[in-house]
Amino acid sequence: MEIQQDLKDNCDNEKIGFEDNDSNAEGSESSDTDDSEKEREEHYALERRVVELRKELAKSPNTYNTHVELISCLRKLGELDQLQHARENMHAIYPLTEELWLEWLRDEAKLSLLDEDKKKVESLFHRATEDYLSIDIWVEYIQFCLAGMDIGGAEALEKIRKVMEEAVRHGGLHVVKGGLLWDSYRDFEMAIYQSTKGKTETENINQSKKITHLFNRQLSVPLLDMERTWKEYNEWLDILDQKVETHVKASYEKAKSQLEKMSPLEDTLLIAVENNDKAAVYRTYLDLEMKEIKDPARIQALFERVVAELPLYDAFWMDYCKYIDRQFKTAETTFAVFRRAVRNCPWNGPIWASYIFAAERYEKEDSFISGLVQNAFAAGMASAADLLAVWLGFIEYLVRKGKWDDSEHTVQLREAFTRATEHLHQSYGIEGDPECILLQYWAYLEAKKLNNMTKARELWGQIMSQGHGKSAQWWLARIQFERAYASDATEVRKLFIKSINAVTSLDWPELIVKQWLQFEREEGDLQTMDNAQLRCDARMEKVKKERESAIVKDLDTVKGRKRGKTEENNEPVSIPPKKAKLGHNSTSTTKSDTRNATETRTNASQPAKPITIPKPITDPCRHANTVFLSNLDFNISEEDIRETMSSSGTITDIRLVRDYKQRSKGFCYVEFSSSDEVKEALKRDREPLKGRPMFISPSEPDSALKHPVFKYQSTLEKKKLFVKGLASTTTKEDLETLFSKFGIVKDVRLATFRTGVSKGIAYVEFEDEVSATMAMNKTDGTTFQDRVLTVALSNPPPRHDKKTTDREELSLGGGTRERKTQLSFVPNSILRQVKSSTMPPPPPPLGSQKSNADFRSMLLNKK
C-alpha cells in the first residue's frame, strides 16, 4: 500500500509540474517520468525474482543456475551485502568460473579504499586462484597489486615480486597465455631498473641481473611467440654490452623444438568447439607430455589447464589425482588436488575412494576419513557402482586399520558391512551390488579372519537368493568357498545335490556334474561315487528331455511365424492332393474331382513361364544434372545442404544417404535443374561446410566409371605458386591480401585435411607469369603471421600409373589382371614336395597312367 501511495503522490506531483510548464518542458518531463517508472517496475520485478530464487534455493540448495541468476539479480539491484552473501553461499558448494570470479574481484576492488579492505581483496584473490588456473585472474591480481601499492617502498616491492613469482609458478608454463605473466614480471623489473639509473652502480648491476635472469627463465619454457622474446633478449644484451651464453641458447633451442611438437595440438584446440573434441586433443597432449617431454612441472601445468577448461570431465580429475599422488608424494599437494576434484565431480565414487586411500597412507585421523565418507554420501553418487566404490574404500580402510583379536573392531566392521549392504539395497535394490562384491568380501573375512563359518554360510545364502540360485557358475563358486575354508565333505556333497537340482538345463549343468564327479574321485569312496553317478545320470537325462522339448517348441514357433507371414502376404499355399483310399468307395468320385485332376495333370505337363523382372526406368539427364557431395559432417541435415548449395542454382532434389538407423553416412546427391548449374556447383569443390571441406564431383551412376581423377596439372605451372609454412589459422583472404600487391590473383586454394584443418600449404594462381615470378622472389623466405614462408613455382612430381607386369592372365571373371596373391588349386602335399626338391619329379610309369573313363569310374565308385 505504501508503494502504491508513493506512486500516486509522484503522479500528482508530476501533474502539477505539467500544468506549470510549457509544452516543451511537458514533453521532457513526461519522458523522464516514463523512464523513472520503467526503472521502478524493473526494480520491483528484480526484487520479486530475488524472493522467488531464494525460495527455490531453500528447497534445492545445489541448483547451480539458480545461484548464478540470484547473483546477477542482486548485482543489478546494487544490494552489496546480499550479493556478497549470495556469492559466498555459492562458493561454499561450487567452485566459481573465471567470469564469476573476475566480476566479484572487480566489484570488491572498486570498493577497497582502506588497507583492511585491500587485505580482504587479496584474500579473495588467493581463493580465486585456488579454484582453477586462470591467467586472466593472475593478471588482474598483478594489476591490483601495482595500482594499490607504493612501488618505491622496499617492502612493497618484495610483496609484488612474491605475487609475480607465484603467478609464473602457477601459470608461467601455459603455452598460449603464459607469456603474459612473464612479460608483466619483466616490465615490472624494467621499470625499477629505469628508476635506479641515477642511483649507485651496484643497484643497477643487481637489477640488470634480475632482468637477465628473468629472460633466461622465460626462454627455457616453450611459449607462444618465443621468437619475439628472443629478439628482445638480444636487444637487452646489446644495451648491457654482453653476449648470449651458450647454455641459454641451448635451453632456448630445446624449448623451441618442444613448441614445434605442441603447435599442431594447440592449433587443433583453437578450432575445436565441442568439449568432446577438446577432450580428445587434450588426451593426446597429455600423452605427448608424459611419454616424450616427461617434465613433471609441465605435466601438472597441463592438467591444471585441462581441468580448468573441462571441469566436469571426471576422468581427467581421476588421472590428475593419481599422477600427483604418485609423482610428488606430498600430503599438501595431493590433498589440494583431491579437494578440488571432489568439489568439481562430487558424484564420482572412485575419486572419493582414492581420496580415502590417500588419507590412510598419509595417516590422517579417523574423524577425517569418516568425514570424507559422510561428504561423499551427502554429495550424492551418480550410480550404484559409485556408491559401492565409496563403501568398499571405507571398509578396506577399516579392515587394514584394526586388529582381529579386538572385539570392538569386529563389531565396527560388521556394522559397516551391514550399513553398506542396506544402503545399496535401499537405494538401488539388487542392482546396488549385482556381483555381490560386499557379501563375498564379508563372507571371506568371517571364514578366514574370524573363523565364523556359520555366518559365512549365512552370507552365501543371501548371495544365492539374490538371483544367482539357478547359475552353475555361482554354485561352483559357493562350493569352492566351502572346500577352501571348511573342508567338510558332507557339506560339500549337500551343496552338489542342491546345485544340480537348482541349475536350469539352459545354464549348462554339465559343469556341476563334472566338478561333482571329480570331487568324489578325490574325496569320496565307492558308495559316494556310485550315488553321485546315479544322481548325475538322472539329472542329465531330464536335462536332455527338457532341451529336446525346447527345440521342438522353437520349431513350432518358427513354423507358426512362417505360416502367419504367408497368410499376411496373401500368398496361395499349394496343398498336395490326398491319395485315394483303396476300398469299396474308391470308385465313387465326382465329376469335379475328375476335372480338377485332369487340369492338374495338364498344367503339370506345360513348362512354367519365366518371370520377367522389369528394369528400372532411368532418366539419363538426371545424373547429368546431379553432383555427388562427400566428406560431410555426420550431423549435417538436408536443410543445411540446401541452404549452402542453393546459391549455385535451383535444387530439385537432395538425397542424403543414411544407414539403417537413419544416421548420415557423410555423403549425398544434389540434383539441379540444369547442367549449367552443375558446372557452377563443381567450381565450389572443397568449399568448407561446418568446418569440413565438401568434396564435390559429378554423379556417375555406373560404379565402374567411379575412378579417381586428378583435377590439377602435374607439370610445371609458371603462373601458379606453391606456398608452404603457413599457419593453421591462415585464411584464403589473408593470402589474397598478401599476394595481390604483386599482380592480379586469379585463384587461391588452401590445402586442408578431410577434417577441415589446414595442411599449412596453398596454391596461388596469377593472371600472368611475370606477376607470379615477382611474387615468388619477394615473398620466399619472408615472415608471414610469425611463420617463415617457402614460395616456389608449382611443379608437382609426376603421377605414375600403377605398375604393370608382363605376366598377365585371365581372371575367373574375365579380362586381364595383375598376378598377385592367388588361390592355388594344387594340393599342399604336392607343393611341399616341389619346394623340398629342386629337381623335377620323375615321370610316372606307363602302367600307372589312367584315362578319363578310369577317373570317372573311380569317382562313381565303380569297380
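Guide: A residue counts as exposed when its relative accessible area is over 50%, as buried when it is under 20%, and as partly exposed in between, with a 1.4 Å probe and protein chains only. The model is predicted, so local features need pLDDT of at least 70 and side-chain atom pairs count only at pLDDT 80 or more, while totals for chains, interfaces and linings use all residues. Residues are numbered from 1 along each chain as its sequence is written, and side-chain values use heavy atoms, with hydrogens and water left out.

We can start with Lys-294, which sits in the loop between α13 and α14 (296–309); helices (H or I, at least four residues) and strands (E, at least two) are DSSP runs, numbered from the N terminus. Lys-294 is not a glycine, yet its phi is positive, at about 60°. Most residues other than glycine have a negative phi. Because its relative accessible area is 56%, Lys-294 is classed as exposed.

Asp-225 belongs to the loop between α10 (201–219) and α11 (226–240), and because its relative accessibility is 29% it counts as partly exposed.

From α13, Ala-279, Tyr-282, Arg-283, Leu-286 and Met-290 meet Ala-315, Phe-316, Asp-319 and Tyr-323 of α15, a contact being heavy atoms within 4.5 Å. Of the residues in this contact between α13 and α15, seven are nonpolar, none polar and two charged (Ala, Val, Leu, Ile, Met, Phe, Trp, Tyr, Cys and Pro count as nonpolar, Asp, Glu, Lys and Arg as charged, and the others, Gly among them, as polar).

Elsewhere in the chain, four strands make an open, antiparallel sheet in the order β8-β9-β7-β12, where two strands pair if DSSP finds at least two bridges between them. At the edges are β8 (745–752) and β12 (790–794), each pairing on one side only, and the twist from one strand to the next averages 25°. Strand β7 (residues 717–724) is joined to the antiparallel strand β9 (residues 758–766) by five bridges, and Lys-724 has Ile-761 in β9 as its bridge partner. Helix α31 (residues 732–739) packs on this sheet, where it touches β7, β8 and β9 and has a direction at about 140° to that of β8. Helix α32 (residues 769–779), in turn, lies across β7, β9 and β12 and runs at about 25° to β7.

These parts belong to a protein chain with 34 helices and 14 strands, in which buried residues make up 33% of the 863 residues.

Conventions:
Axes fitted to C-alpha atoms, helices over the stretch in contact; angles between N-to-C directions.
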